[in-house]
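Subject: Structure handover

Hello,

Here is the structure I promised you. My notes follow below it.

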Amino acid sequence: MRLLLVEDDDHVAAALSAVLSRHGFDVTHARNGEEALQALLPGGREPFGVVLLDLGLPDQDGFEVCGRIRRMCGSPVIMVTARADVRSRIHGLNLGADDYVVKPYDTGELLARIHAVSRRRAATPAAPGEPPAQEGAPPGDLRLGAVTIELSTRQVSVGGTAVPLTRKEFDLLALLAQRPGVVFRREQIISEVWRTSWEGTGRTLEVHIASLRAKLRMPALIETVRGVGYRLVTPPAAVSPAGPAS
């Protein structure tokens, strides 16, 4: 997913960009408001999935930039600032920001908030003239190469052949498939799939990942990012249909 980072401090931007890139985001750095607005102009590329907007910009007030971004496009905006007063938060949200994060912040929380606003954006119907998120797939389906995930019926198939999954296996696959290439932290997966923060669930997560790889007969589909979590790698369209293991 493309992410626009609007931050005038190069040291902060470099450190945050490194973390975001490690989690699968394609980061574009804008050092001021004008660079941010220019980056958001239509240019034939995939729109930005999220904008991280610092309010303390050298050329324009961050609130003003947020308002202009909202008039230009529908990309979710997360304000990232040291302004912790309630009045600033309310003002930012009223201008159209989707979330407001106060510095200093925990990186894990920021990543969770990015995923949260991008999921809400994905669930919103496309605006007129805006391409659907999964072109060629029926509404409610996710299609990744030869893998089709039917969210409404909770069915999964590979190359047209149905693959039976348990409830948690399906929930886990569907979560990763909503953002191919983006790294989901172990804590986030456990929280969203198992609805718990208990660390002992980590082993259960590993077992479910191994089971998915085996059932789909695509070991490379889910990649382990050591020390962080997992991401789904979009498979090629032409793969052998899944079947009973020999």
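Arg2 sits over the face of Phe48, 4.0 Å from the ring centre. This is a predicted model, so read every value below as computed from it. Phe48 also turns up in one of the nonpolar cores, a separate one of 21 residues. Val65, Tyr100 and Val102 are included there too. Aromatic pairs are absent: the count is zero.

The overall picture

The protein chain has 246 residues, and 43% of them are buried. Its secondary structure comes to eight helices and twelve strands. Take the contacts with a separation of 6 or more: 58% of them are between residues 24 or more positions apart.

Salt bridges

Side chains of opposite charge can pair when their charged atoms come close. There are 14 salt bridges in this structure.

Arg31 pairs with Asp10, with the closest N and O atoms 3.0 Å apart. The two residues are 21 apart and link distant parts of the chain. Arg31 is in the loop between strand 2 (26–30) and helix 2 (33–39), while Asp10 belongs to helix 1 (residues 10–22). Arg31 is partly exposed, at a relative accessible area of 39%. Asp10 is partly exposed as well, at 41%.

Arg154 and Asp171 form another salt bridge, at 2.8 Å from N to O. This pair also links distant parts of the chain, 17 residues apart. Arg154 lies in the loop between strand 7 (147–150) and strand 8 (155–158). Asp171 lies in helix 6 (residues 167–177). Relative accessibility is 37% for Arg154, which counts as partly exposed. Asp171 is partly exposed too, with a relative accessible area of 22%.

Lys215 bridges to Glu169, and the closest N and O atoms are 2.8 Å apart. Lys215 lies in helix 8 (residues 201–216) and Glu169 in helix 6, so the pair ties together parts that are 46 residues apart in sequence. Glu169 counts as buried, at 5% relative accessibility.

The network is made of Glu7, Asp54 and Lys103, linked by salt bridges.

Why is helix 6 described as largely enclosed by the rest of the structure? Nine of its eleven residues are buried, hence the description. The buried ones are Lys168, Glu169, Phe170, Leu172, Leu173, Ala174, Leu175, Leu176 and Ala177.

The largest nonpolar core has 28 residues. Ile149, Leu173, Leu176, Ile189, Leu205 and Leu216 touch the most other members. Helix 6 supplies the largest share, seven residues.

Four strands form an open sheet in the order 6-7-8-9, with antiparallel pairing. Which strands are at the edges? They are strand 6 and strand 9 (161–162), each of which pairs on one side only. Strand 7 and strand 8 run antiparallel and are joined by four bridges. Thr148 stands opposite Ser157 in strand 8.

Strand 4 (residues 77–81) is mostly covered, with five of its five residues buried. Both of its faces are covered. Val77, Met79 and Thr81 are buried on one side. Ile78 and Val80 are buried on the other. Strand 3 (residues 50–54) runs parallel to strand 4, and four bridges join the two. Leu53 stands opposite Met79 in strand 4.

Best regards

Definitions and conventions: Residues numbered from 1 in each chain as written. Predicted model: local features only at pLDDT ≥ 70, side-chain atom pairs only at ≥ 80, totals over all residues. Heavy atoms only, no water. Phe/Tyr/Trp six-rings, centres within 6.5 Å; stacked < 30°, edge-to-face > 60°. Lys NZ or Arg CZ within 6 Å of the ring centre and 35° of its normal. Salt bridge = Lys/Arg side-chain N within 4 Å of Asp/Glu carboxyl O. Buried < 20%, exposed > 50% of the residue type's maximum accessible area, 1.4 Å probe, protein only. Core = buried A, V, L, I, M, F, W, Y, C linked by side-chain atoms within 4.5 Å. Pairing = 2+ DSSP bridges. Contact = heavy atoms within 4.5 Å.
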